[in-house]
Amino acid sequence: MSTYGNDVVATLGSATAGSATDHSTTDVSTTDDASTAAGERLRRWRLVLGGQEADGTGCVLGGQDAAMDGALTALYGGGAAKGPRDSNRSAGLGASAPSVARWLGDIRTYFPSSVVQVMQRDAIDRLGLSALLLEPEMLEAVEADVHLVGTLLSLNKVMPETTKETARAVVRKVVDDLEKRLVTRTRATLTGALDRSARINRPRHRDIDWDRTIRANLKNYLPEYRSIVPERLIGYGRASQSVKKDVVLCIDQSGSMAASVVYASVFGAVLASMRSIATRLVVFDTAVVDLTDQLDDPVDVLFGTQLGGGTDINRALAYCQSQITRPADTVVVLISDLYEGGIRDEILKRVAAMKASGVQFVALLALSDEGAPAYDREHAAALAALGAPAFACTPELFPEVMAAAIEKRPLPIPDTAPHQ
């Protein structure tokens, strides 16, 4: 028996239900209803289990069900599989670009976009189809997502010139979609944080921070009047056009961090578009590359990275530390799985020194929707002991994390974070 990938199995119930025959409009006996329901259950089990002899279900597929099964078997199972366009098509995708392109068309026909993206990733991982992505025709057929961008970036150095233009168009589409999804909330959240962080002692009435003012004047409470005398007013000014905060994004570009590199590049471009924040973006493996001058276009940033290779976090932090001119107004964000090929003790010394000087230091194990990757737990625990807990961060949470760092308040660390 050959069972399909777990991520795809989870979606087959809803995907196959849509192609089921609707029996609700026919008046049938209770026996017929039970028989129909049992047959439908067997049909769904057959689609989930895969295989050739119906895997003991006694259910034979036909029509669109057979086409869906053929597309799944080509990726997850062995044996003969009949596709929707070629009744003699055998299972497996092999290394033929035409057959893979046809298969990509099939799965986009029969499955929703989220399932297509999972199947594409599985095809690349299980069948080694990365080389085929170097062909423009293949790139035009795929469903673009963050993971595909990561794969393309890893192939950037071996990509022929005839493919690069198509690859940039694919990456551009994903980046534009991410910016639309993230930019408004990020700007609004950080603008509010900048306003609140620019506190003044003689605020105008509309700029008074009443919560902090009341707490600061509790000693002046007059019981007989049940009132507080506000000797000291605390407020926050409105963020002006001048630079209020410096942000340094220090991104590990080892192969396991591909999705984080994509999201960080988009966020870097968003931050750079805000005049009140001076943003620097640094990527590293065993070398350190400053891509700040390309932040106006995140696609240029992404194609300036080189996924894969070793890791030297200490060298990267040394460079970032050398660029800090206003430590009390600087936020350094390290995005890394913390596996270090350099000098671990030196990293901890640098982080401690930055924090002592007033720098807000944030350590993210990942910036993606996938949760924490494999990471160096000992190193994460050591950072946590310095007051810099390392945790995985989703793109949705990142603006809140940055806002907290800007305001110098506790970070909104998820409850599932490994080191707090």
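User: Is Leu 218 buried or exposed?

Analyst: Here, buried means under 20% relative accessible area, exposed over 50%, and partly exposed in between, with a 1.4 Å probe and protein chains only. Leu 218 has a relative accessible area of 51%, so this residue is exposed. Keep in mind that this is a predicted model: local features need pLDDT of at least 70, side-chain atom pairs count only at pLDDT 80 or more, and totals for chains, interfaces and linings use all residues. Residues are numbered from 1 along each chain as its sequence is written, and side-chain values use heavy atoms, leaving out hydrogens and water.

User: Where is Leu 218 found?

Analyst: Helices (H or I, at least four residues) and strands (E, at least two) are DSSP runs, numbered from the N terminus. Leu 218 sits in the loop between helix H9 (210-216) and strand S2 (221-222). Together with Trp 210 and Ile 214, Leu 218 forms a nonpolar patch on the surface.

User: How many residues of helix H15 are buried?

Analyst: Nine of the ten residues in H15 (398-407) are buried; among them are Phe 398, Met 402 and Glu 407. Lys 408 follows H15 and has a positive phi, near 60°.

Notes. Patch = residues over 30% accessible without salt bridge, like charges linked within 9 Å, V, L, I, M, F, W, Y side chains within 5 Å. Areas by Shrake-Rupley, 256 points an atom, 1.4 Å probe, with all protein chains shown as cover. Salt bridge = Lys/Arg side-chain N within 4 Å of Asp/Glu carboxyl O.
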